[in-house]
Amino acid sequence: MSDPFDDLDALKSAMQAATPAPDSARKSENIALAQNNFAARQETRDHSRSTSDRPTSGLFRGVLAMIRSITPRHALTASTALVAIGLVAYLPTLQNGPPSVDNLASAADQSSWGSLDAAGETTPEPTAEITTEPTVETNVLTEEVAAASADTFAEPMVMPAPKAAKRLRETSGQSLMASPAPTQTMPARKPAPMGIIADIPQQLEADTETFPDAAPNPLKITAQDPVSTFSIDVDTASYAILRSTLNRGQLPSPEQIRVEEMVNYFPYNYDAPIDTTPFSSTATVLNTPWNDNTQLVHIALQGVKPDTDTRPPLNLVFLIDTSGSMHSAAKLPLLKQSFRLMLGQLRPQDQVAIVAYAGSAGQVLAPTPANERATILQALETLSAGGATAGQAGLQQAYALADTMSEKGEVSRVILATDGDFNVGIRDPEALKTYIAQKRDTGTYLSVLGFGRGNLDDATMQALAQNGNGQAAYIDTLAEAQKTLVDQLSGALFPIANDVKIQVEFNPEQIAEYRLIGYETRALNREDFNNDRIDAGEIGAGHSVTAIYEVTPVGSPARLNDPLRYQPTATTPDTQTGSTEYGFLRLRYKKPGSDTSQLIETPIVPRSDAAPDSDASFAVAIAGFGQLLRDNPYLGSWSYSDAIALANANKGADPFGYRTQAVQLMRLADSLSQ
């Protein structure tokens with residue numbers, strides 16, 4: 001029988017012969033690659049993206065989670081494999097004796113990032129800045145590494161870099177308890193086909209997304225507060241965000257839900273205006289599906305259809321966020337593809353310019369006729385993610401460029417495309433809003449397109465769009481880009497009415513209580529309605545706008561507030577007018593370029609002979625869906641199943657499939673809520 005130590009020596013010799021010799025040049029290349037990848041993930045070498053949350057992921061936590069999840073049989077197989085790998089890694093070192101602490105420290109020092117000068121100090125890599133003209137993008141990978149990763153996907157797989165964490169702690173004075181470990185990046189998945197960005201589930205970072213949360217509108221007593229005033233809202237971001245959240249297997253949080261944006265996401269076939277008024281207005285009364293003892297007042301506005309042949313020339317400045325947080329496939333790559341779709345809708349007399357911003361802002365493309373597609377697309381393709389987010393400087397440069405493009409009779413608009421992570425450059429948000437409002441008054445409007453999840457600052461994006469007389473939309477798929485930037489381009493870019501305000505006065509003889517469903521972030525004071533200096537929302541060509549009130553008729557058992565003993569009531573003779581109207585609808589709007597508003601007035605009269613309209617009923621189903629997601633207490637036992645049934649019964653023609661998709665999302669929310 002052979003000596004087992006002889007077998008072990010033979011095995012060690014074989015492993016040593018099969019192990020390649022260390023390659024110092026390759027090691028240096030890998031260290032340089034890790035440094036550049038870390039800088040890109042952190043947005044800039046000078047401004048690290050830190051957080052107060054302790055990381056919940058990491059190498060050791062991942063190993064422990066794996067061990068807890070596998071079965072005993074699989075654990076035995078895995079442990080055997082780990083022992084074999086350990087032997088391969090450790091046995092070649094036996095000929096030189098066990099590793100010492102000094103050797104380990106020396107190896108760790110060699111992995112430090114940046115080159116060392118003669119004095120032994122670390123020399124940081126130079127930081128690239130945006131130039132004023134398109135340039136060829138420089139790849140930080142060596143030719144060998146680039147060739148190996150040419151067919152990999154843009155979304156990285158992250159692995160911990162403990163040495164980098166130590167250096168960051170030493171230079172910034174922050175502890176690892178207060179900041180997540182920096183990461184090396186490794187390309188992982190294969191790309192989607194050209195021209196398509198899949199809706200790829202992403203891990204949402206905790207406590208980094210912000211939304212303009214507001215409590216649902218309270219129930220009002222008509223006798224005490226009969227007047228409701230608000231600005232219209234044609235934004236659609238909330239619906240796309242909740243769809244993104246549901247498709248990732250999560251129920252959206254209440255602050256993500258703006259019911260009016262869900263309702264207004266869908267096109268409706270409301271009656272078009274029949275005179276010179278830029279939009280029509282109707283008010284109808286419906287039965288409430290979730291409460292037999294209340295009713296709904298459905299208000300519908302429909303903008304005049306666009307005339308694409310006679311529309312004025314369009315000046316667009318694409319203001320593109322190229323910060324490090326925009327690296328993922330659902331951000332900058334999807335942004336480029338979205339703008340590519342939009343270019344196909346522009347005419348030769350339209351102009352396009354591009355400004356990018358990261359650590360600094362810079363012009364990427366001078367004003368260029370829209371039919372020079374190759375030039376515009378080349379400028380888009382030169383953009384890459386890296387640097388911190390100087391959003392304010394980018395806005396200032398974009399507006400300055402738009403000023404040079406504007407001529408009388410033309411439409412100028414800045415389109416800000418970002419994940420909303422304005423972490424550098426905005427020190428006074430209120431001053432920024434004032435600046436945007438001033439630019440709005442010169443005729444240059446601002447629209448905002450959101451991309452990606454994880455650090456989405458929806459609150460800032462909403463505020464910027466509202467102050468800039470523009471629309472806020474969220475693009476999570478190429479199909480959403482098609483809807484926003486192709487199918488509804490005229491409504492998004494060509495306003496037909498500015499500062500549109502709605503005011504409803506309810507009749508206390510008929511209505512005891514009421515509540516406005518949604519529009520919490522658009523509320524106005526009663527006196528703001530007649531003040532033409534107060535900003536409000538815009539209606540674009542072909543846009544439809546919907547608002548819904550739930551009202552409690554006088555004498556209904558659904559009334560939640562008892563009448564006051566010493567106050568006049570609807571049955572007091574002195575207050576009787578004999579009117580059967582539920583209320584009175586007033587609208588104010590300005591024609592584009594005008595400083596004086598015009599008034600439209602319409603009585604709200606219930607009609608018992610009116611058949612429910614499918615468009616109005618579908619809007620009610622979506623309003624109920626939004627309230628379910630917000631856990632609204634006024635819905636009683638009404639459920640997702642009820643919303644699904646109501647929506648299915650009123651889908652209508654649904655040429656684009658938007659309503660069918662909404663029903664699918666309702667079903668998904670129902671399953672996730674169980």
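Rings of Phe, Tyr and Trp (its six-membered ring) form a pair if their centres lie within 6.5 Å; planes under 30 degrees apart count as stacked, over 60 as edge-to-face, and the rest as tilted. The model on display is predicted: local features need pLDDT of at least 70, side-chain atom pairs count only at pLDDT 80 or more, and totals for chains, interfaces and linings use all residues. Residues are numbered from 1 along each chain as its sequence is written, and side-chain values use heavy atoms, with hydrogens and water left out.

**The aromatic cluster**

Begin by selecting Tyr239, Tyr265, Phe266, Phe618, Phe656 and Tyr658, which ring pairs link into a cluster. The structure holds 17 aromatic pairs. Show the rings of Tyr265 and Phe266: their centres are 5.3 Å apart and their planes stand at 80°, so this pair is edge-to-face. Both Tyr265 and Phe266 are buried (under 20% relative accessible area, where exposed means over 50% and partly exposed in between, with a 1.4 Å probe and protein chains only).

Helices (H or I, at least four residues) and strands (E, at least two) are DSSP runs, numbered from the N terminus. The relative accessible area is 2% for Phe266 and 0% for Phe618.

**Charges over the rings**

Now select Lys483, whose charged end sits over the ring of Tyr265, 3.9 Å from its centre. Arg659 lies over the face of Phe618, at 4.5 Å from the ring centre. The criterion is that NZ of Lys or CZ of Arg is within 6 Å of the ring centre and within 35 degrees of the ring normal.

**The sheet**

Turn to the open sheet of six strands, ordered S11-S10-S9-S12-S13-S14 with mixed pairing; two strands pair if DSSP finds at least two bridges between them. Strand S11 (361-369) and strand S14 (472-475) stand at the edges with a single partner strand each, so one side of each has no neighbour in the sheet. Strand S13 (residues 444-451) runs parallel to S14, joined by four bridges.

Finally, select helix H15 (residues 478-487), which lies across S13 and S14 and runs at about 155° to S14. For such angles, axes are lines fitted to C-alpha atoms, for helices over the stretch in contact (heavy atoms within 4.5 Å), and angles run from 0 to 180 degrees between N-to-C directions.
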